[in-house]
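I opened my notebook beside this one and wrote down what I looked up, step by step. Come and read along.

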Amino acid sequence: QVQLVESGGGLVQAGGSLRLSCAASGRFFSMYAMGWFRQAPGKEREFVAAINWSGSTTDYRDSVKGRFTISRDNAKNTMFLQMNSLKPEDTAVYYCAAGDRAHYSVSTPLTYGMNYWGKGTLVTVSS
């Protein structure tokens, strides 16, 4: 059974930074792709960033490119999302996700091939 637990959310002013963490347990973390998604109030969940099993390949939604960085530490079973230059429109619940393949799937844009989800951590960016 996969367990994903997010942390690091909070309230920050526009232009500020936050670092989200996702602790994974229950399977061979280092073998599979992972990602971050978010859901703003009244909106559908959307893709934010994905990373392959080794960290050598990443992908981002256009609106966060250059501001967010996804990374992973396989030795610690942890994934991160460094968020800089935050904007009010980044306000959302951020979810950690994991797949069951080494690479994420851009052909499935709603999930990027992820099958397992955390409960989320709230990020609020004030203007």
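**Entry 1: the cysteines.** I started with Cys22 and Cys96 and found both buried. This is a predicted model, so I am reading computed values throughout. The sulfur atoms of Cys22 and Cys96 are 1.9 Å apart, and the two residues form a disulfide. I counted one disulfide in the structure. I also looked up its hand: the link of Cys22 and Cys96 has -65° about the S-S bond and is left-handed. Cys22 belongs to strand 3 and Cys96 to strand 9 (residues 92–99), so this pair links distant parts of the chain, 74 residues apart.

Entry 2: I noted an open sheet of four strands in the order 1-3-8-7, paired antiparallel. Which strands stand at the edges? They are strand 1 (3–7) and strand 7 (68–73); each has a single partner strand, so one side of each is left without a neighbour in the sheet. On average, neighbouring strands here are turned by 15° against each other, direction ignored. Between strand 3 (residues 18–25) and strand 8 (residues 78–83) I found six bridges in the antiparallel sense. For Ser21, the bridge partner in strand 8 is Phe80.

**Entry 3: salt bridges.** I then turned to the charged side chains, where the structure holds five salt bridges. Arg38 and Glu46 meet in one of them, at 2.7 Å from N to O. Arg38 counts as buried at 5% relative accessibility, while Glu46 counts as partly exposed at 26%.

Arg38 also forms a salt bridge with Asp90, with the closest N and O atoms 3.0 Å apart. That pair links distant parts of the chain, as Arg38 is in strand 4 and Asp90 in the loop between strand 8 and strand 9, 52 residues apart. Asp90 is buried, with a relative accessible area of 1%.

Asp90 meets Arg67 in a salt bridge too, at 2.8 Å from N to O. Arg67 lies in the loop between strand 6 (58–60) and strand 7, and Asp90 in the loop between strand 8 and strand 9, so the pair ties together parts that are 23 residues apart in sequence. Arg67 is buried, like Asp90. I finished by tracing the network of salt bridges, which links Arg38, Glu46, Arg61, Arg67 and Asp90.

**Entry 4: aromatic rings.** For the rings, my count came to four aromatic pairs. Why is the pair of Phe37 and Phe47 edge-to-face? The ring centres of Phe37 and Phe47 are 5.8 Å apart and the planes stand at 75°; planes over 60 degrees apart count as edge-to-face, so this pair qualifies. Phe37 lies in strand 4 (residues 34–39) and Phe47 in strand 5 (residues 46–51), so the pair ties together parts that are 10 residues apart in sequence. Phe37 is buried at 0% relative accessible area, and Phe47 counts as buried at 7%.

The rings of Tyr104 and Tyr112 have centres 5.9 Å apart and planes at 35°, so I logged that pair as tilted. Tyr104 counts as buried at 14% relative accessibility, as does Tyr112 at 8%. One aromatic cluster takes in Phe37, Phe47, Tyr104, Tyr112 and Trp117.

**Entry 5: a charge over rings.** Last, I checked Arg45. Its charged end sits over the ring of Trp117, 3.7 Å from the centre of that ring. The charged end of Arg45 sits over the ring of Phe37 as well, 5.7 Å from the ring centre.

How values were computed:
Residues numbered from 1 in each chain as written. Predicted model: local features only at pLDDT ≥ 70, side-chain atom pairs only at ≥ 80, totals over all residues. Heavy atoms only, no water. Phe/Tyr/Trp six-rings, centres within 6.5 Å; stacked < 30°, edge-to-face > 60°. Helix = DSSP H or I, 4+ residues; strand = E, 2+ residues; numbered from the N terminus. Buried < 20%, exposed > 50% of the residue type's maximum accessible area, 1.4 Å probe, protein only. Lys NZ or Arg CZ within 6 Å of the ring centre and 35° of its normal. Pairing = 2+ DSSP bridges. Axes fitted to C-alpha atoms, helices over the stretch in contact; angles between N-to-C directions. Disulfide = S-S within 2.5 Å. Salt bridge = Lys/Arg side-chain N within 4 Å of Asp/Glu carboxyl O.
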